[in-house]
Amino acid sequence: MITGIKGTRFRRAAAVTLTTGAVLAAGAFGAAPAGAVATPTIAAKGGYTMNNGTGTTLYNKKADTRLSTGSTTKIMTAKVVLSQSNLNLDAKVKIDKAYSNYIVDSGYVSSANLIVGDQVTVRQLLYGLMLPSGCDAAYALADKFGSGTTRAARVKSFIGKMNTTARSLGMTNTHFDSFDGVGHGANYSTPRDLTKLASSAMKSSTFKTVVKTVSTKQKVTTASGGYRYYTWENTNKPLLTGYSGTIGIKTGSGPEAKYCLVFAATRNGKTIIGTVLASTSVTVRTSDAKKLLNYSFAR
């Protein structure tokens, strides 16, 4: 009897010892360290952030998966324009009927509401491109800075420059077949590639100034020699006005692309740049970006 009791006590003591060991092991290996930040869950199909100063990856969700980009394509449109040698930002471009026809014929694309015959500077077209996401402004810039004797040739040339620039930046999973993101079956990129592009584009002081602008009023010359004003609001306004330190960059959307956002913010000297592709709504893509920024700044 005594032996049996001792055996029972031993078994109970061993069980306590094993349980305590399991708890200690879980504490050592299973629990998050004190101060660690939980990796966020986002609705977007793909997401990526990096420390712009060091190039360190901070968040990765299908960062190299090819997805439709929507109007985030226009970051490359602006990059190609701003990379032109001897660029005169104050040169005037006459708004052709083809640009407004493109908007009407497409039916659903975003517009800067450029008026035929107006003389709009290259700088102003960049605002029209990046704030209201004007596909007419993108067309005007492609026509202006492409090479060739016909409009079609110039546009094709400009798109070629977009792809050449992508290759030079190491965007190995990117291809453009349009100047504005209204693709024709082969317009795609990835969260990592678009973040690389944004990082490069933000080296331009003109680009940085444009993409952090919430709204602008631009005076242009009309066909009759008079003037009118264009007022443009940034489609990225929810993030620009709702997150401290935000400095841009560009929204995108479309039937295939869903809701996209390339974003950047600076806090305490640290700049985070990132991308979310194929989110579920305008509100959710902004929420996704905020989650990734909070997480990235905390790391």
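Helix axes are taken here as lines fitted to C-alpha atoms over the stretch in contact, with angles between N-to-C directions running from 0 to 180 degrees. On this basis, in the predicted model, the axes of helix α2 (residues 74–82) and helix α7 (residues 191–201) come within 10 Å and cross at roughly 35°. The crossing of α2 past α7 is left-handed. On the α2 side the contact involves Ile75, Met76 and Lys79, which meet Leu197, Ser200 and Ala201 of α7. Sorted by class, the residues of this α2–α7 contact are four nonpolar, one polar and one charged.

Helix α2 also packs against helix α4 (residues 122–130), at an angle of about 165° and with the axes 10 Å apart. Angles over 145 degrees count as roughly antiparallel, and α2 and α4 are therefore roughly antiparallel to each other. Here too, α2 passes α4 in a left-handed crossing. The α2 residues in this contact are Lys74, Ile75, Thr77, Ala78, Val81 and Leu82, and they meet Val122, Leu126, Leu129 and Met130 of α4. By class, the contact of α2 with α4 comprises eight nonpolar residues, one polar and one charged. Ile75 takes part in the contact with α7 and in the contact with α4.

Ile95 is located in the loop that lies between β4 (92–94) and α3 (97–106). Residues under 20% relative accessible area count as buried; the value for Ile95 is 1%, so Ile95 is buried. Leaving aside residues up to four places away in sequence, Ile95 touches Leu114, Ile115, Val116, Gly117, Asp118, Val120 and Leu125. For one of these, Gly117, the separation from Ile95 is 22 residues in sequence, while the C-alpha to C-alpha distance is 5.2 Å.

An open sheet is formed by five strands in the order β2-β1-β11-β10-β9, with antiparallel pairing. Its edge strands, β2 (57–61) and β9 (246–254), each pair on one side only. On average, and with direction ignored, neighbouring strands of the sheet are turned by 5° against each other. Helix α10 (residues 282–298) lies across β1 (46–51), β2, β9, β10 and β11 (270–279), and runs at about 35° to β10.

Methods
Residues are numbered from 1 along each chain as its sequence is written. This is a predicted model: local features need pLDDT of at least 70, side-chain atom pairs count only at pLDDT 80 or more; totals for chains, interfaces and linings use all residues. Side-chain values use heavy atoms; hydrogens and water are left out. Two strands pair if DSSP finds at least two bridges between them. Helices (H or I, at least four residues) and strands (E, at least two) are DSSP runs, numbered from the N terminus. Contact means heavy atoms within 4.5 Å. Buried means under 20% relative accessible area, exposed over 50%, partly exposed in between (1.4 Å probe, protein chains only). A crossing is left-handed if the near helix is turned anticlockwise from the far one by less than a right angle, and right-handed if clockwise. Ala, Val, Leu, Ile, Met, Phe, Trp, Tyr, Cys and Pro count as nonpolar, Asp, Glu, Lys and Arg as charged, and the others, Gly among them, as polar. Angles under 35 degrees count as roughly parallel, over 145 as roughly antiparallel, 65 to 115 as roughly perpendicular and the rest as oblique.
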